[in-house]
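Please find below a short note for discussion.

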Amino acid sequence: MSAVIERRDIPDTWQLMPLKELGDWSGGGTPSKAKPEFWTNGKIPWVSPKDMKTECITDSEDHITNAAVEASTAKLIPAGSVLVVTRSGILSHTLPVAVTAVPVTVNQDLKAVTPKVGVLPEYIAWALRCFAREILNTCSKQGTTVASIETAALHRFEIPIAPLDQQKRIVAEIEKQFSRLDEAVANLKRVKANLKRYKAAVLKAAVEGRLVETEADLARKRTPSPLAGEGGGEGAGYETGEQLLQRILETRRSQWKGKGKYKQPAAPDTTDLPELPEGWAWAKFDQVTERITKGSSPNWQGFEYSERGIPFVRSQNVGWGVTDLSDIAFLPPGFNAVEKKSVLREGDVLLNIVGASIGRAAIAPSTVEGGNVNQAVAVIRLLESGVINEFVLLYLLSAQTQRRIHAEKVDVARANFSLEDIREMPLSLPPRGEQDRIVAEVDRRLTILRETEAQVDANLQRAEHLRQSILGHAFSGSISSQYHPVPNCP
């Protein structure tokens with residue numbers, strides 16, 4: 001008896017049957033790669049797990065010749081057979097199943113069943129998808145390096161078999177309802193893609209001065225007064241980005257505690273930089289920061305992370321605009337004595353500069369105050385005289401800056417963005433008040449975006465649950481409709 005369905009759970013005219021009894025089962029194999037004639041100009045599809053991303057197999061990436069079929073265990077499997085992956089890492093969470101629309105061969109990681117008369121291949125395929133989780137839980141081999149299904153256990157697994165006319169109605173109804181679901185899911189995915197594009201557009205507009213009214217425009221709207229121009233210079237009525245930069249540089253000089261003579265950082269080369277709005281200025285990160293540094297990882301013999309101590313931020317903790325501290329590591333107190341330069345303050349801007357997560361950026365929260373970072377995370381500490389960290393974060397996450405980060409330098413093994421690259425990177429600098437308004441407007445828009453995205457994700461999850469509900473009803477005899485043949489598994 002099946003571990004997941006019992007006789008009393010299905011109509012009286014149905015029966016539970018082991019998969020072994022539903023048709024002729026066969027496996028596959030790989031013709032010798034040492035014989036190119038087996039693989040050159042082959043016309044016969046040779047299906048492997050990488051091809052099992054569709055419900056219907058009409059072709060495959062690799063093809064073999066008739067000679068390869070005759071000389072190997074990769075025997076021809078007729079159209080109208082059901083393929084199931086039995087060895088692949090994907091089996092840790094998914095059971096790929098497909099119906100063949102053309103004769104194929106398969107490799108050793110798949111099994112095929114050619115149904116006997118009275119059993120539809122589509123019916124078997126949908127039943128396997130319905131009971132996929134139970135098959136993975138009860139038929140998987142234990143102790144294997146690659147997730148695998150035990151063939152004998154798969155053959156013993158029982159599924160409910162309806163009379164042929166009902167199989168036809170069940171298959172037709174599943175396909176009708178899934179077609180509607182697929183259309184709804186496609187629409188939801190389009191919404192997600194549009195939300196992603198909208199977010200990129202918001203960030204782009206924010207750092208180019210097109211998201212809110214500029215200080216220059218607001219100054220022109222204000223009623224002229226005798227005090228107009230105080231603090232802004234040249235009658236501007238506000239502190240421009242250029243004036244803000246000069247004030248930052250003066251602060252930087254006054255706070256200098258380094259060795260030797262103070263050296264003023266060079267201004268950026270604006271030759272290839274886009275024109276900025278009135279009142280904005282180009283700066284370098286080196287001009288507006290107190291510190292740009294990174295940390296290191298402990299290399300002590302026998303070192304292990306602690307359950308408590310110094311919070312240690314690694315690249316996996318730095319997301320796209322957020323810090324994820326769910327798996328934060330901790331170091332013993334002595335580490336900060338060695339790595340003083342990279343001790344964190346709340347509000348530091350963190351940027352991943354190595355590996356697959358390069359470009360992700362976030363702001364250090366209060367929970368990591370006094371913590372440290374590893375060598376894959378740069379710490380950008382701004383001078384406290386005018387540039388707010390939230391605006392710098394938006395700048396780093398914008399598409400144009402991300403392109404610069406990814407294009408600047410690629411190591412032989414993995415992407416790498418150096419501290420010097422950060423120092424030399426240009427920064428569009430709005431007036432201080434405009435920074436606040438930009439950050440507030442981005443936050444407002446992205447809050448709405450996140451709420452919408454959460455609703456879309458919830459609906460996508462609901463759609464997946466609905467699929468399982470439809471299949472559950474189908475194989476307990478609760479749905480039926482008229483059958484429409486689908487010979488080519490469209």
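1. Which backbone nitrogen does the side chain of Asn374 reach? In this predicted model, the side chain of Asn374 comes to 3.0 Å from the backbone nitrogen of Ala376. Asn374 itself lies in the loop that runs between strand E17 (372-373) and strand E18 (377-382).

2. The relative accessibility of Asn374 is 9%. Because buried means under 20%, Asn374 counts as buried.

3. Leaving aside residues up to four places away in sequence, Asn374 touches Gly295, Ser296 and Ser297, and also Phe312, Val313, Arg314 and Ser315.

4. One of these contacts of Asn374, Gly295, may be set against Glu134: the two C-alpha atoms, of Glu134 and Gly295, are 47 Å apart in space, and the residues are 161 apart in sequence. Glu134 belongs to helix H3 (residues 132-139) and, with a relative accessibility of 26%, counts as partly exposed.

5. A further point concerns helix packing. The axes of helix H2 (residues 121-130) and helix H13 (residues 432-474) come within 9 Å and cross at roughly 125 degrees. The crossing of H2 past H13 is left-handed.

6. On the H2 side this contact is made by Trp126, Arg129 and Cys130, and on the H13 side by Gln468, Leu471 and Gly472.

Notes: Residues numbered from 1 in each chain as written. Predicted model: local features only at pLDDT ≥ 70, side-chain atom pairs only at ≥ 80, totals over all residues. Heavy atoms only, no water. Helix = DSSP H or I, 4+ residues; strand = E, 2+ residues; numbered from the N terminus. Buried < 20%, exposed > 50% of the residue type's maximum accessible area, 1.4 Å probe, protein only. Polar contact = N/O pair within 3.5 Å; in protein donor to acceptor, adjacent residues only side chain to side chain. Contact = heavy atoms within 4.5 Å. Axes fitted to C-alpha atoms, helices over the stretch in contact; angles between N-to-C directions. Left-handed = near helix turned anticlockwise from the far one by under 90°.
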